[in-house]
Amino acid sequence: MRILITGSSGQIGTNLALRLLADGHEVFGIDKRRNTWTNAFPYLLQDLAGHYAPYPGGINGVEYPETDLVVHLAAHAKVHQLVGEPHRALENAVMTFNVLEYARQGNIPIVFSSSREVYGDVHRFEGYNEQVADFAYTESTYSASKIAGEAFIYSYARCYGLPYLVFRFSNVYGRYDNDLRRMVRVIPLFIHSMMRDEPITIYGGRDKTLDFTYVDDCVDGITRGIEALAEGRVVNQTINLAYGQGNTLVHCAERIAHELRVDAQMTLAPSLLGEVTHYVADLTKARELLGYDPRIPLDEGIARGVAWFKEHREEHPDEDVAVVADHERAQETGLGWKTAPV
Ligand SMILES: NC(=O)c1ccc[n+]([C@@H]2O[C@H](COP(=O)([O-])OP(=O)(O)OC[C@H]3O[C@@H](n4cnc5c(N)ncnc54)[C@H](O)[C@@H]3O)[C@@H](O)[C@H]2O)c1
């Protein structure tokens, strides 16, 4: 297949593109940034968040290569950043609109990257199945952008017959995720800080429990979805992709410390505004529809992630510098902590 990936310079986009190439597909990427990880596939540098005129063969008058399926990953993907800069949440919705309009012109099936953030921070379920999402619990402007994206996708399916799959991801980690000067993600940040003998802060406290997904499992699920959608086996479905197990952030930090053979210097702090503090995915649908079977539990994934990080750091010693963490940004923007879950 000829697959177009938006957000192809990002963590999931890069991992997915390399997997699809290895499977024998053609990949064409679009991103507004250069890919700093690989030159293995062609891509176009384009900002997808503009208000553009109608476009038959590509966005903003650029003709894209012939495409069989679009995977739309491009987004501002950092929850707390979007609380501070809500116009970026609107840009996420605009990007999705542009990509949908392009897909509509050619009736090209689309895979959309949503998030477990659409469930809110409700603490009401053991495992969250796809049906329980309710926009009344919109936790942050980032969640709003993903709910809006999903709503656009569903409306295009109803109004124009555009085939889709929506995936709700959860804390993907493991490779091509440590460009901390661009985007601070919790697992690479903890590895980075502990390697520098710096303290870490656990926002959300001792009980904060999330479903961490090793990137190869996530990419395997997307790949299964791409094949099923293209063949018409699974169409117009919304599916959780995660590991399916809750782990506390404290446990995650302890495993990183264990792999690095250091003592973690941990401080517990209240949750940052907009963040979800409890989520465990119900994967019944992914298993039934796609045969999805995640293989890498957190402890194993952390071991792999730490090994990859250390190898990468040896090749890029210039990255061993202080990064601005979320709590410092929070203080800069004056947006602090949340009080209690809704
Ligand atoms: N990684 C996770 O844990 C996770 C969890 C839930 C949902 N998601 C979603 O999955 C998708 C991919 O996530 P990721 O972790 O790879 O994020 P990422 O930030 O690494 O990649 C997103 C890419 O989109 C690009 N982009 C942003 N604005 C753009 C614009 N205006 N025009 C063109 N490109 C633009 C960025 O440059 C970046 O390369 C995102 O939509 C994200 O919201 C990710």
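This short talk covers the ligand and the cavities of one structure.

Some ground rules come before the tour. This is a predicted model, in which local features need pLDDT of at least 70, side-chain atom pairs count only at pLDDT 80 or more, and totals for chains, interfaces and linings use all residues. Residues are numbered from 1 along each chain as its sequence is written, and side-chain values use heavy atoms, with hydrogens and water left out.

Let's start with the ligand. Which residues come nearest to the ligand? They are Asp31, Asp47, Tyr142, Val172 and Arg185, out of 29 residues around the ligand. A residue counts here if one of its heavy atoms lies within 4 Å of the molecule. By class, that shell has twelve nonpolar, ten polar and seven charged residues. Nonpolar covers Ala, Val, Leu, Ile, Met, Phe, Trp, Tyr, Cys and Pro; charged covers Asp, Glu, Lys and Arg; the others, Gly among them, are polar.

Where does the shell come from? Helix 1 (11–22), strand 5 (110–115) and helix 4 each supply at least two residues. Strand 5 gives the largest share, three residues. Helices (H or I, at least four residues) and strands (E, at least two) are DSSP runs, numbered from the N terminus.

Now some atom distances. A backbone N or O atom of Leu48 sits 2.8 Å from a ligand nitrogen atom. For Leu73, a backbone N or O atom is 2.8 Å from a ligand oxygen atom. Ser113 uses a polar side-chain atom, 3.0 Å from an oxygen atom of the ligand. The protein covers 95% of the 810 Å² of accessible area that the ligand has on its own. Those areas come from the Shrake-Rupley method with a 1.4 Å probe.

On to the cavities. How many of 30 Å³ or more does a search of the whole structure find? Two. A cavity is a set of points, on a 1 Å grid over the protein atoms alone, where a 1.4 Å probe fits but cannot get out; lining residues have an atom within 4 Å of a point. Volume is the space filled by probe spheres set on the points, and points are joined across faces, edges and corners.

The largest cavity has about 50 Å³. Its lining includes Tyr173, Asp177, Trp308 and Phe309. Helix 5 (186–195) and helix 9 (298–315) are the elements giving two or more residues to that lining. The lining has six nonpolar, two polar and one charged.

The second largest cavity holds about 30 Å³. Among its lining residues are His72, Asn92, Phe112 and Lys146. Helix 3 gives the most, three residues.

Key. On a 1 Å grid over the protein atoms alone, a cavity is a set of points where a 1.4 Å probe fits but cannot get out, and a pocket is an open set with protein on both sides within 12 Å along at least five of seven lines; lining residues have an atom within 4 Å of a point. A polar contact is a pair of N or O atoms within 3.5 Å; within protein, one must be able to donate a hydrogen and the other to accept it, and residues adjacent in sequence count only if both atoms are side-chain atoms.
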